[in-house]
Amino acid sequence: MNNTAKYICELLYRYECVILPGFGAFLTRRQPATIQESSATFYPPKKLISFNKQLQNNDGLLANYIASAENISYTDALAKIQRFVLSLNEKISSGQRIELDKIGIFYTSVENTLQFEPLQDENYLTEAFGLSSFSSPVITREVLKEEVEALEESTPLTFTPEKRNAKPYLQYAAAAAIVFGMFGYLGLQKVSNNTISYNNSELKKANEEIESKIQEATFEISNPLPAIDLTLTKEEDITSNTQTTLEEGKFFIVAGAYRIADNANKKVQKLKAAGFTNAHVIGVNKYGLHQVAYENYQDRLEARQALAKIKNEQNGSAWLLIRN
């Protein structure tokens, strides 16, 4: 049994974009709570679903989720997705209307273009869990202005001020309370200012100590490579490579960061030997570490897809660096 549609439905609760490789992408956007005045019906906030046929490249999200849910390999999950997409295309090309449970309906128009009609019953916004639409009767307000005016004319209201015996000692007690309150407020204000100043000073010292520890930190490799003889690369080469990379793209897939420049160059050579011909050093960060990248890209979506592939096949700790 192919449960691909069920897994897409589950992912739509957590992500704004779920790509069905070879078919298209399901996108969600938040819609605030609305009121339909004609029927006096209130609708809770929700996620609206749309479909984009242009986004078909595999980003690994759906395949990894299926592999984890069914305890199968990533390759078997991709094969399962391909069979599901093939079945959808065959049914749609034959003119059938295909309904994906809790997602929407696919069909072809008279112009032979693929159309998508989302279902409105399911709310994928987790913040609105348990909320449903409801109708409220229109509130009517009766204006009784004339009756109220007539009643006031017939029975006018009078107010008689109450006379009280003056007690002078209460005035002195109130004045004393105000004076003591002002002194107490000023004292609390001074204590609060001293506390804030002390906290800011201690926070500054802590940040300086952390920065110093990071600058003095060393990085150890649990499985070091055997010692080999290499020709040292000059600092000019690293600087040149860094400048070239900055001009090529703004999205970098980082493989690691090294305190010693020679170690960074060794990592570059190792990545190139593994098939990443564009691996290079992308410069030194604010902690004095030389960063090494697998590749750089101009397009964010292309960079994310490459990162997912590298994390799945090469290095689970790889991450994406974005430079303006």
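Q291 has a relative accessible area of 7% and is therefore buried, since the cut-off for that class is under 20%. The coordinates come from a predicted model, and this should be kept in mind for every value that follows. Q291 belongs to strand β12, and, once its neighbours within four places in sequence are set aside, its contacts are G256, A257, H280, V281, I282, G283, N285, W319, L321 and R323.

A second residue of the strand can be read in the same way. Y294 lies in β12, which spans residues 290-297, and its relative accessibility of 4% is why Y294 counts as buried. Residues up to four places away in sequence left out, Y294 touches I253, V254, A255, L271, F276, N278, A279, I310, Q314, N315 and A318. One of these contacts, A279, is 15 residues from Y294 in sequence, while the C-alpha atoms of the two are 4.5 Å apart in space.

How much of a helix elsewhere in the chain is covered? Helix α1, residues 4-12, is mostly covered, with 7 of its 9 residues buried. These buried residues are T4, A5, Y7, I8, C9, L11 and L12, and they pack against β1 (17-20), β2 (24-31), β5 (46-52), α2 (61-70), α3 (74-93) and β6 (98-100). For C9 in particular, the relative accessible area is 8%, and C9 is therefore classed as buried. C17, by contrast, has a relative accessible area of 28%, which means that C17 is partly exposed. As for links between cysteines, the structure holds 0 disulfides.

A search of the whole structure finds 10 aromatic pairs. F23 and F51 form one that is tilted, with 5.5 Å from centre to centre and 50° between the planes. Because F23 lies in the loop between β1 and β2 while F51 lies in strand β5, this pair ties together parts that are 28 residues apart in sequence. Both partners are buried, F23 at 1% relative accessibility and F51 at 18%.

Which geometry do the rings of F26 and F116 adopt? Their centres are 6.0 Å apart and their planes stand at 70°, so the pair is edge-to-face. F26 lies in strand β2 and F116 in strand β8 (residues 114-118), so here the pair ties together parts that are 90 residues apart in sequence. F26 is buried, with a relative accessible area of 0%, and F116 is buried as well, with a value of 19%, which falls within the class because buried means under 20%.

These two pairs belong to a wider arrangement. F23, F26, F51, F106 and F116 form one aromatic cluster, which thus includes residues from the loop between β1 and β2 and from strand β5, as well as from strands β2 and β8. Apart from the ring pairs, R97 lies over the face of Y107, at 4.7 Å from the ring centre.

Note on methods. Residues numbered from 1 in each chain as written. Predicted model: local features only at pLDDT ≥ 70, side-chain atom pairs only at ≥ 80, totals over all residues. Heavy atoms only, no water. Helix = DSSP H or I, 4+ residues; strand = E, 2+ residues; numbered from the N terminus. Buried < 20%, exposed > 50% of the residue type's maximum accessible area, 1.4 Å probe, protein only. Contact = heavy atoms within 4.5 Å. Disulfide = S-S within 2.5 Å. Phe/Tyr/Trp six-rings, centres within 6.5 Å; stacked < 30°, edge-to-face > 60°. Lys NZ or Arg CZ within 6 Å of the ring centre and 35° of its normal.
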